[in-house]
Amino acid sequence: MAEIVREGNLFHLRNEQISYILCVMPENVLAHVYFGRRLSRLNPDPVLRHAGSGDTYYFTTQECGLDRLPQEYPSFGLGDQREGALRVENADGSSAVDLRFVSAVIEEGKPGLEGLPATLGSGAQTLLITLKDRQTNLQVELLYTVFDDCAAIARSAKIINAGLADVKITGAMSLSVDLPDSRWDLITLNGAWARERNVYRRPLMPGFQGTATQCGASSLQQSPFLALARPETTEAQGEAIGAALVYSGNFKAQAAVYQNDAARLTLGINDTDFAWLLPSGEAFQTPEAVLVYSREGLGGMSRHFHRLWENHLLPRKWVHAHRPVLLNSWEAAYFDFDEEKLVSIAQSAANAGVELFVMDDGWFGHRDDDTTSLGDWQVDKKKLPGGLGRLSDRVRALGLQFGIWMEPEMVSPDSDLYRAHPDWAIHIPGRTPITGRHQLTLDLSRKDVQDFVFRSVADTLKASKAAYLKWDMNRNFSNIGSAALPPEQQKELPHRYILGLYAVMEKLVKAFPDVLFEGCASGGGRFDPGMLYYVPQFWCSDNTDALCRCRIQYGTSLFLPASTMGSHLSAVPNHQTGRIAPIETRFAVALGGCFGYELDPRKLTEEEQAALQGQVKFAQETESTRLHGHQYRLLSPFAGNETAWITVSKDQKEAVFTYVKAQAEANTAPALVKLQGLNPENRYRIMETNEVYSGDELMYSGLLCKAGMGDTASLLYTLKAVEA
Ligand code: DGJ
């Protein structure tokens, strides 16, 4: 049960698993005292004296006393020399903010955040703390939620200008947490196009470390997530803290180590090139950040995140709904198709039992390559003479649902839209617009542009009777400027863009509740909890190579569940790496997420075509366990030649186990992989081999994994509990 208890100056947020404790100090400074395993109570003195080198005297606001105090929302300019959570430019040009506790309110439930995605749901308690700078009347409302069912705390801050003069915010973090020691490893997810979310782990060091973006999106290169793990923490054991931002734009996730080895975590909108004019009487809401705590290792941390997003963030209608097995036309045809070709591919997919056919890029304007037509969302009659309607009718007559691709946030310089509205693109007047993939970004901070984007998508969905939309976004920001903002507000553009995007998404998912939206950004370039509030799944990566996907999906699973990862079986040689992996391994790895195909089934051998039907059936039958079961990572592709994971149904009666061996070796002992998450007292039949083992044998002694000959060999097992 979640509860928030006030004991004198202490606020204690807790559930069965965690405690988070804040303390109002003398002089009304708000201190952070504890985040970790549940406590029944806490005397804050030892923690505070530890921070103060044995003496709480340091915490008076005189003599730069705040420099050692663990704080909840530190600000700049009053003696705390560390990185602050809030920085402003006051009317007098100074930057100092002096925040003191004013009041606290405890409420049932979890409120949403206006204009921003956020966790929701019952079974939660929320603490609202108001802080105030008495000189300028700047107020900060800190929101903390503790949930019944997850070892997680959600936090956000609202900055309110209750003074008479305008203020400029130059940095407002969503969370700041001071930890008493720095004996942690920092884990971040970094990469590039086709190499998203690789796992990087290194010890925390004095100074700053972390990850950040300034390209307009959460990006292919970074993820709005970081974890701290004790050096001895493994997948299955030890302490770990995870932090994630429910946001899709520029972010900063940082860990810094200061004197006395104290560590400060900060997470929020990237303050580089950010500023927000806050006129008197107005408020600025930061995105929500989430903290989870695990003492069951990194695996436990991930499962806490997965449960939190599934129970409190992902679209309610879709989170547990069946995800159709789809076939996407991109790698099957790229831009080179017409109606007959698409229908023929769809027919072949229908024969295999595929449920949804998705027409990707190339159907509008005169888009025969990526240099043109974004923004002109009228069907290309040369390719589809009967329009979207006839193609959709023909595909649906085959027993398939119809899905379509759009890149609604973009405009090609070669388009009627750009010729009519050059000012709608993000640009700096007088500078030559810099294109990325030959395109410009529409300025979604503008209401007229938001309305256009909504209309384009709504019209396309109606004309195509689509049951699915792949929402793509394929370039970074550059020449960042908006024709609609005055000079003093230009630095608001990246955040205003994301607010505009969220406004459009909100309106669309409400207007089309039966359409399944899948996000995409050159693959997984905006795959974050912010987008996942609107779209239940995201195209994990353009790289569908089985071995690369092992790494990408392993890294992604650190904070996002399998039910959010679009994951397709593609042709060989693989289009991104040239690797030829057996179809069994490509299938096994693609089952790690929402399963589909990214190939032309007509080009498969007869034997492979015959295998497709069985694959689709297997994917459907195991869907609930694979996508929503508890996931355990067993062997890391970052640590060696093998990858293994298992997802176990919530009742522990069924599991799907996957093992992949990258390179063949001669005369080596096959791995004995210790499974996790099973009921030790159950007996499990491995359906593919008919062998029966007890849960404890499989977990404590291990499952013998002898994959076949050759590179990229794999095993895919379904485990079912059987009567003893
Ligand atoms: C990038 C996406 O990641 C691909 O899957 C595909 O949709 C292309 N864009 C189409 O241009």
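Helices here are DSSP runs of H or I with at least four residues, strands are runs of E with at least two, and both are numbered from the N terminus. With that in hand, Ala562 sits in the loop between α11 and β29. This is a predicted model, so to speak of local features takes pLDDT of at least 70, and side-chain atom pairs count only at pLDDT 80 or more, while totals for chains, interfaces and linings use all residues. Residues are numbered from 1 along each chain as its sequence is written, and side-chain values use heavy atoms, with hydrogens and water left out.

**The ligand site**

- A ligand oxygen is 2.4 Å from an N or O atom in the side chain of Asp542, and a ligand oxygen is 2.6 Å from an N or O atom in the side chain of Asp361.
- The backbone takes part too: a polar backbone atom of Gly523 is 3.0 Å from an oxygen of the ligand.
- On its own the ligand has 300 Å² of accessible area, and the protein covers 98% of that. Accessible areas come from the Shrake-Rupley method with a 1.4 Å probe; for residues, only the protein chains shown count as cover.

**Helix α11**

- Helix α11 (residues 546–556) is largely enclosed by the rest of the structure, because 10 of its 11 residues are buried. Buried means under 20% relative accessible area, exposed over 50%, and partly exposed in between (1.4 Å probe, protein chains only).
- Among the buried residues of α11 are Cys548, Arg549, Cys550 and Tyr554.
- Asp545 caps the N-terminal end of α11, with a side-chain oxygen 2.9 Å from the backbone nitrogen of Leu547.
- Back to Ala562: this residue is buried, at a relative accessible area of 5%. Its C-alpha atom is 42 Å from that of Pro46, a residue 516 places away along the chain.

**Helix α13**

- Helix α13 covers residues 606–628; at 1.5 Å a residue its 23 residues should span 33 Å, and the end C-alpha atoms are 33 Å apart, which agrees. The expected span is 1.5 Å times one less than the number of residues.
- There's a kink of about 65° in α13, centred on Thr622. The bend at a residue is the angle between axes fitted to the seven residues ending there and the seven starting there.
- Thr622 is one of the buried residues of α13, a list that also includes Leu612, Phe618 and Arg626.

- Val572 and Pro573 are joined by a cis peptide bond, with omega about -10°. Pro573 is in the loop between β29 (565–570) and α12 (583–590).
- Asn479 isn't a glycine, yet has a positive phi of about 45°. Asn479 lies in the loop between β26 (468–471) and α9 (493–511) and counts as buried at 14% relative accessibility.
- Asn690 also has a positive phi, near 70°, and is placed in the loop between β35 (683–686) and β36 (691–694).
- Ala192, in the loop between β11 (185–190) and β12 (198–203), is buried at 17% relative accessibility.

Notes. A polar contact is a pair of N or O atoms within 3.5 Å; within protein, one must be able to donate a hydrogen and the other to accept it, and residues adjacent in sequence count only if both atoms are side-chain atoms.
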